[in-house]
Amino acid sequence: MDIRVCIPSYKRPKVETLDYIPWAKVYVDEGEYEEYKKQNPEGNIISVPKGIQGNVSRIRNYILDVNFEDGADAVAIIDD
C-alpha cells in the first residue's frame, strides 16, 4: 500500500514537522521554494504553481489530486 504524508506550508520556511517525519513531502509556493530548501536542505520540498498556495482548500485539493494521479493509495495531510 502506497501511503504518502504531505505538508502544505505557507510563509514558514523552517518546517519543524520534518524533524519528526523527515520523509514527508512539503508543498510550497514557487516563490518560496529557495528559502524552504535553504532552511530544510534534506527535506523533500515541492514547488507548486503560483495561485495554488494561500488558500487552504485549494492547496489540499492540489496535493490530493497530484498524489492520487501518481498512484497513491492514501494521502495524509498534516500541519507544518
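Student: Which residues make up the largest nonpolar core?
Tutor: Keep in mind that this is a predicted model. Its largest nonpolar core has 9 residues in all: Val5, Ile7, Val15, Leu18, Ala24, Val26, Val28, Tyr36 and Ile45. The elements giving two or more residues to this core are β1 and β2. Apart from this core lies another, of 8 residues, including Cys6, Ile52, Ile59 and Ile63.

Student: What is Tyr36 in contact with, leaving aside its neighbours within four places in sequence?
Tutor: Tyr36 touches Ser9, Tyr10, Lys11, Arg12, Pro13, Val15, Val26, Val28 and Ile45.

Student: Now the helix. Which residues of α2 are buried?
Tutor: Ile59, Ile63 and Asn67 are the buried ones. They cover an arc of only 55° around the axis, so they sit on the same side of α2. Here's the general idea: an α-helix has 3.6 residues a turn, so residues three or four places apart point the same way.

Student: Which strands do the buried residues of α2 pack against?
Tutor: They pack against β1 (3-8), β2 (25-29), β3 (44-48) and β4 (74-77).

Student: How far apart are the end C-alpha atoms of α2?
Tutor: Work out what to expect: at 1.5 Å a residue, the 14 residues of α2 (residues 56-69) should span 20 Å. The end C-alpha atoms are 20 Å apart, which agrees.

Student: And what should I look for at the two ends of the helix?
Tutor: At the start of α2, a side-chain oxygen of Asn55 comes to within 3.1 Å of the backbone nitrogen of Ser57. After α2 comes Gly71, with a positive phi near 105°.

Note on methods. Residues are numbered from 1 along each chain as its sequence is written. This is a predicted model: local features need pLDDT of at least 70, side-chain atom pairs count only at pLDDT 80 or more; totals for chains, interfaces and linings use all residues. Side-chain values use heavy atoms; hydrogens and water are left out. Helices (H or I, at least four residues) and strands (E, at least two) are DSSP runs, numbered from the N terminus. The expected span of a helix is 1.5 Å times one less than its number of residues. Buried means under 20% relative accessible area, exposed over 50%, partly exposed in between (1.4 Å probe, protein chains only). The arc is that of the directions from the helix axis to the C-beta atoms. Contact means heavy atoms within 4.5 Å. A polar contact is a pair of N or O atoms within 3.5 Å; within protein, one must be able to donate a hydrogen and the other to accept it, and residues adjacent in sequence count only if both atoms are side-chain atoms. A nonpolar core is a set of buried Ala, Val, Leu, Ile, Met, Phe, Trp, Tyr and Cys residues joined through side-chain atoms within 4.5 Å.
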